[in-house]
Amino acid sequence: WRKQGERIIEVLFEYLIELYNKNGFVIKKYGVGDSNELDISFGSYVKKMKPFYLKEKTSPNQIVCDYIGGMTDHYALRCMKILSIPDPIKF
């Protein structure tokens, strides 16, 4: 189980750090294009925490770690599903 848990955290971190590096504190970018539930939720978190993170000059890695650290197991698994299982094709 440990390896699976580590892999989930690794995948979430890689995805979110790429997302943050692309959008930073430009909150409106988190809900456009091919955004998913995770993108929007992370954007809301960044928006809420922006004053603190700017004041503390927090690194992107720490911002992402804080977000992942606040996830429940259930939510982390749901996010992993969002990232790894494509939406059904609709005809």
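Buried means under 20% relative accessible area, exposed means over 50%, and partly exposed is in between (1.4 Å probe, protein chains only). Keep that handy for the exercises below.

This is a predicted model, where local features need pLDDT of at least 70, side-chain atom pairs count only at pLDDT 80 or more, and totals for chains, interfaces and linings use all residues. Residues are numbered from 1 along each chain as its sequence is written, and side-chain values use heavy atoms, with hydrogens and water left out.

**Exercise 1.** Find the salt bridge partner of Glu6, and say where the two residues sit.

Step 1: A salt bridge needs a side-chain nitrogen of Lys or Arg within 4 Å of a carboxyl oxygen of Asp or Glu. The structure holds three of them.

Step 2: Glu6 pairs up with Arg2, and their closest N and O atoms are 2.9 Å apart.

Step 3: Both belong to helix H1, four residues apart, so about one helical turn separates them. (Helices are DSSP runs of H or I with at least four residues, strands are runs of E with at least two, and both are numbered from the N terminus.)

Step 4: Now use the opening definition. Arg2 is exposed, at 70% relative accessible area, while Glu6 is partly exposed at 40%.

**Exercise 2.** Work out which helices the salt bridge between Glu37 and Arg78 connects.

Step 1: Check the pair itself: the side chains of Glu37 and Arg78 meet at 2.4 Å, N to O.

Step 2: Glu37 is in helix H2 and Arg78 is in helix H4, so this bridge ties together parts that lie 41 residues apart in sequence.

Step 3: Look at accessibility. Glu37 comes out partly exposed at 38%, and Arg78 is partly exposed too, at 34%.

**Exercise 3.** Describe the largest nonpolar core and the contacts of Met71.

Step 1: A nonpolar core is a set of buried Ala, Val, Leu, Ile, Met, Phe, Trp, Tyr and Cys residues joined through side-chain atoms within 4.5 Å.

Step 2: The largest one has 22 residues, and those with the most contacts inside it include Leu12, Phe42 and Met71.

Step 3: Helices H1 (2-23), H2 (37-56), H3 (60-69) and H4 (73-84) each bring at least two residues to this core. H1 gives the most, with seven residues.

Step 4: Zoom in on Met71, leaving aside residues up to four places away in sequence: Met71 touches Leu12, Leu16, Leu38, Ala76 and Cys79. Contact here means heavy atoms within 4.5 Å.
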